[in-house]
Amino acid sequence: MTFKQIIKQHHLVLLQDKIDVYQDMILGLSNDAQNDAKGSAGDKHETALSMMHLEQEKLTNKLKETIVLKEILEKIDVSKTTATIVLGSYVKVNAMQLFISAALPKIPINEITILSVSPQSPLGSQLMGKKQHDIVVVNGTTFTILEVE
(Lines give C-alpha, C1' and ligand atoms only; values in the text may rest on other atoms or scores of the structure.)
Protein backbone atom coordinates (compact mmCIF):
# COMPACT_ATOMS: atom_id res chain seq x y z
CA MET A 1 0.00 0.00 0.00
CA THR A 2 1.39 3.42 -0.97
CA PHE A 3 1.58 6.29 1.52
CA LYS A 4 -1.27 8.09 -0.29
CA GLN A 5 -3.41 4.96 -0.06
CA ILE A 6 -2.66 4.72 3.67
CA ILE A 7 -3.71 8.38 4.15
CA LYS A 8 -6.93 7.84 2.19
CA GLN A 9 -7.75 4.62 4.05
CA HIS A 10 -7.08 6.24 7.43
CA HIS A 11 -9.46 9.10 6.60
CA LEU A 12 -12.12 6.72 5.29
CA VAL A 13 -12.03 4.75 8.55
CA LEU A 14 -12.29 7.96 10.61
CA LEU A 15 -15.20 9.23 8.53
CA GLN A 16 -17.03 5.88 8.75
CA ASP A 17 -16.55 5.92 12.52
CA LYS A 18 -18.08 9.42 12.65
CA ILE A 19 -20.99 8.28 10.48
CA ASP A 20 -21.63 5.33 12.80
CA VAL A 21 -21.56 7.58 15.88
CA TYR A 22 -23.98 10.10 14.33
CA GLN A 23 -26.35 7.31 13.27
CA ASP A 24 -26.28 5.79 16.77
CA MET A 25 -26.95 9.18 18.37
CA ILE A 26 -29.86 9.90 16.00
CA LEU A 27 -31.33 6.46 16.68
CA GLY A 28 -30.92 7.01 20.43
CA LEU A 29 -32.75 10.33 20.26
CA SER A 30 -35.49 8.78 18.17
CA ASN A 31 -35.94 5.97 20.69
CA ASP A 32 -35.92 8.45 23.59
CA ALA A 33 -38.60 10.52 21.88
CA GLN A 34 -40.80 7.46 21.35
CA ASN A 35 -40.37 6.28 24.93
CA ASP A 36 -40.97 9.78 26.29
CA ALA A 37 -44.15 10.12 24.23
CA LYS A 38 -45.66 7.07 25.89
CA GLY A 39 -45.43 8.30 29.46
CA SER A 40 -45.54 12.11 29.46
CA ALA A 41 -47.93 14.93 28.86
CA GLY A 42 -47.96 18.70 29.22
CA ASP A 43 -45.69 21.66 28.47
CA LYS A 44 -42.50 20.08 29.86
CA HIS A 45 -43.03 17.09 27.62
CA GLU A 46 -43.56 19.27 24.54
CA THR A 47 -40.42 21.30 25.32
CA ALA A 48 -38.30 18.18 25.81
CA LEU A 49 -39.64 16.66 22.60
CA SER A 50 -38.91 19.87 20.72
CA MET A 51 -35.34 19.98 22.07
CA MET A 52 -34.78 16.35 21.05
CA HIS A 53 -36.09 17.12 17.57
CA LEU A 54 -33.72 20.10 17.18
CA GLU A 55 -30.77 18.00 18.33
CA GLN A 56 -31.78 15.27 15.90
CA GLU A 57 -31.85 17.82 13.04
CA LYS A 58 -28.34 19.07 13.95
CA LEU A 59 -27.00 15.53 14.05
CA THR A 60 -28.70 14.69 10.75
CA ASN A 61 -27.00 17.70 9.11
CA LYS A 62 -23.61 16.66 10.50
CA LEU A 63 -24.23 13.13 9.26
CA LYS A 64 -25.02 14.41 5.75
CA GLU A 65 -21.85 16.56 5.71
CA THR A 66 -19.72 13.62 6.80
CA ILE A 67 -21.26 11.35 4.14
CA VAL A 68 -20.47 13.97 1.47
CA LEU A 69 -16.84 14.16 2.65
CA LYS A 70 -16.59 10.36 2.53
CA GLU A 71 -18.06 10.28 -0.99
CA ILE A 72 -15.52 12.90 -2.16
CA LEU A 73 -12.68 10.90 -0.64
CA GLU A 74 -13.88 7.62 -2.16
CA LYS A 75 -13.80 9.15 -5.67
CA ILE A 76 -10.14 10.20 -5.39
CA ASP A 77 -7.75 7.97 -7.34
CA VAL A 78 -4.60 7.90 -5.22
CA SER A 79 -2.89 5.37 -7.47
CA LYS A 80 -1.99 7.93 -10.13
CA THR A 81 1.03 10.17 -9.74
CA THR A 82 1.43 13.45 -11.59
CA ALA A 83 4.09 16.12 -11.73
CA THR A 84 1.47 18.79 -11.09
CA ILE A 85 -0.74 19.06 -8.02
CA VAL A 86 -4.22 17.62 -8.53
CA LEU A 87 -6.98 16.21 -6.34
CA GLY A 88 -5.38 13.28 -4.50
CA SER A 89 -1.82 14.64 -4.55
CA TYR A 90 0.47 14.23 -1.56
CA VAL A 91 2.48 17.45 -1.29
CA LYS A 92 5.39 18.52 0.89
CA VAL A 93 5.59 22.28 1.39
CA ASN A 94 7.96 23.97 3.84
CA ALA A 95 7.58 21.88 7.01
CA MET A 96 4.08 20.61 6.17
CA GLN A 97 2.77 17.43 4.58
CA LEU A 98 -0.49 17.97 2.68
CA PHE A 99 -3.05 15.66 1.12
CA ILE A 100 -5.21 17.46 -1.45
CA SER A 101 -8.68 16.02 -0.95
CA ALA A 102 -11.28 17.58 1.32
CA ALA A 103 -11.11 19.64 4.48
CA LEU A 104 -10.50 16.84 6.98
CA PRO A 105 -8.89 16.73 10.42
CA LYS A 106 -5.12 16.43 10.52
CA ILE A 107 -3.92 12.90 11.18
CA PRO A 108 -0.65 11.37 12.35
CA ILE A 109 0.76 8.55 10.20
CA ASN A 110 4.19 7.08 10.90
CA GLU A 111 4.98 10.08 13.14
CA ILE A 112 4.17 12.45 10.26
CA THR A 113 1.27 14.87 10.65
CA ILE A 114 -0.82 14.98 7.49
CA LEU A 115 -3.01 18.00 6.86
CA SER A 116 -5.80 17.38 4.36
CA VAL A 117 -6.81 20.48 2.44
CA SER A 118 -9.59 21.11 0.00
CA PRO A 119 -8.77 22.40 -3.50
CA GLN A 120 -11.22 25.22 -2.69
CA SER A 121 -9.31 26.36 0.41
CA PRO A 122 -7.00 29.38 0.10
CA LEU A 123 -3.86 27.19 0.19
CA GLY A 124 -5.38 24.37 -1.87
CA SER A 125 -6.54 26.67 -4.65
CA GLN A 126 -3.08 28.25 -4.92
CA LEU A 127 -1.38 24.84 -5.06
CA MET A 128 -3.61 23.29 -7.73
CA GLY A 129 -1.73 22.88 -11.01
CA LYS A 130 1.64 23.80 -9.50
CA LYS A 131 4.69 21.52 -9.50
CA GLN A 132 7.85 20.83 -7.50
CA HIS A 133 9.95 23.95 -6.73
CA ASP A 134 7.05 26.34 -7.47
CA ILE A 135 6.35 28.98 -4.84
CA VAL A 136 2.94 30.20 -3.72
CA VAL A 137 2.05 32.94 -1.25
CA VAL A 138 -1.09 32.62 0.88
CA ASN A 139 -2.03 35.25 3.46
CA GLY A 140 1.52 36.59 3.51
CA THR A 141 3.12 33.18 4.04
CA THR A 142 5.42 31.80 1.35
CA PHE A 143 5.14 28.10 0.59
CA THR A 144 7.80 26.31 -1.45
CA ILE A 145 6.67 23.04 -3.00
CA LEU A 146 9.35 20.53 -2.12
CA GLU A 147 7.75 17.36 -3.45
CA VAL A 148 4.61 16.25 -5.31
CA GLU A 149 3.44 12.65 -5.30
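## Strands and hairpins

Two strands count as paired here if DSSP finds at least two bridges between them. Strands themselves (E, at least two residues) and helices (H or I, at least four) are DSSP runs, numbered from the N terminus. In the hairpin of β3 and β4, two residues lie between the strands, and N110 takes a positive phi near 50 degrees. Strand β3 covers residues 104-109 and strand β4 residues 112-117; they pair in the antiparallel sense over four bridges. L104 has S116 in β4 as its bridge partner.

A word on the model: it is predicted, so local features need pLDDT of at least 70 and side-chain atom pairs count only at pLDDT 80 or more, while totals for chains, interfaces and linings use all residues. Residues are numbered from 1 along each chain as its sequence is written, and side-chain values use heavy atoms, with hydrogens and water left out.

Now to β1 and β2, which also pair in the antiparallel sense over four bridges. They form a hairpin with two residues between them, and N94 in the turn has a positive phi of about 45 degrees. On its other pairing, β1 is joined by three bridges to strand β6 (residues 141-148), again antiparallel. V93 stands opposite M96 in β2 and opposite I145 in β6.

Where does Q97 lie? Q97 is part of strand β2 (residues 96-100). At 17% relative accessibility, Q97 counts as buried; buried means under 20% relative accessible area, exposed over 50%, and partly exposed in between (1.4 Å probe, protein chains only).

The side chains of Q97 and Y90 are joined by a polar contact of 2.5 Å. Such a contact is a pair of N or O atoms within 3.5 Å; within protein, one must be able to donate a hydrogen and the other to accept it, and residues adjacent in sequence count only if both atoms are side-chain atoms. Beyond its neighbours within four places in sequence, Q97 is in contact (heavy atoms within 4.5 Å) with residues including Y90, K92, I112 and I114.

## Aromatic pair and nonpolar cores

Rings of Phe, Tyr and Trp (its six-membered ring) pair if their centres lie within 6.5 Å; planes under 30 degrees apart count as stacked, over 60 as edge-to-face and the rest as tilted. By this rule there is one aromatic pair. The ring centres of F3 and Y90 are 5.1 Å apart and the planes stand at 70 degrees, so the pair is edge-to-face. It links distant parts of the chain, with F3 in helix α1 (residues 3-39) and Y90 in strand β1 (residues 90-93), 87 residues apart. Both F3 and Y90 are buried.

A nonpolar core is a set of buried Ala, Val, Leu, Ile, Met, Phe, Trp, Tyr and Cys residues joined through side-chain atoms within 4.5 Å. The largest one has 14 residues, of which F3, I7, L73, F99, I109 and I114 touch the most other members. Its largest share, four residues, comes from α1. A second, separate core of 13 residues includes V91, V117, V138 and I145.

## Salt bridges

The whole structure holds three salt bridges, each a side-chain nitrogen of Lys or Arg within 4 Å of a carboxyl oxygen of Asp or Glu. E147 forms one with K92, the closest N and O atoms being 3.3 Å apart. Because E147 lies in strand β6 and K92 in strand β1, this pair ties together parts that are 55 residues apart in sequence.

E55 and K58 form another, at 3.5 Å between the closest N and O atoms. E74 and K70 meet in a salt bridge at 3.6 Å, N to O.
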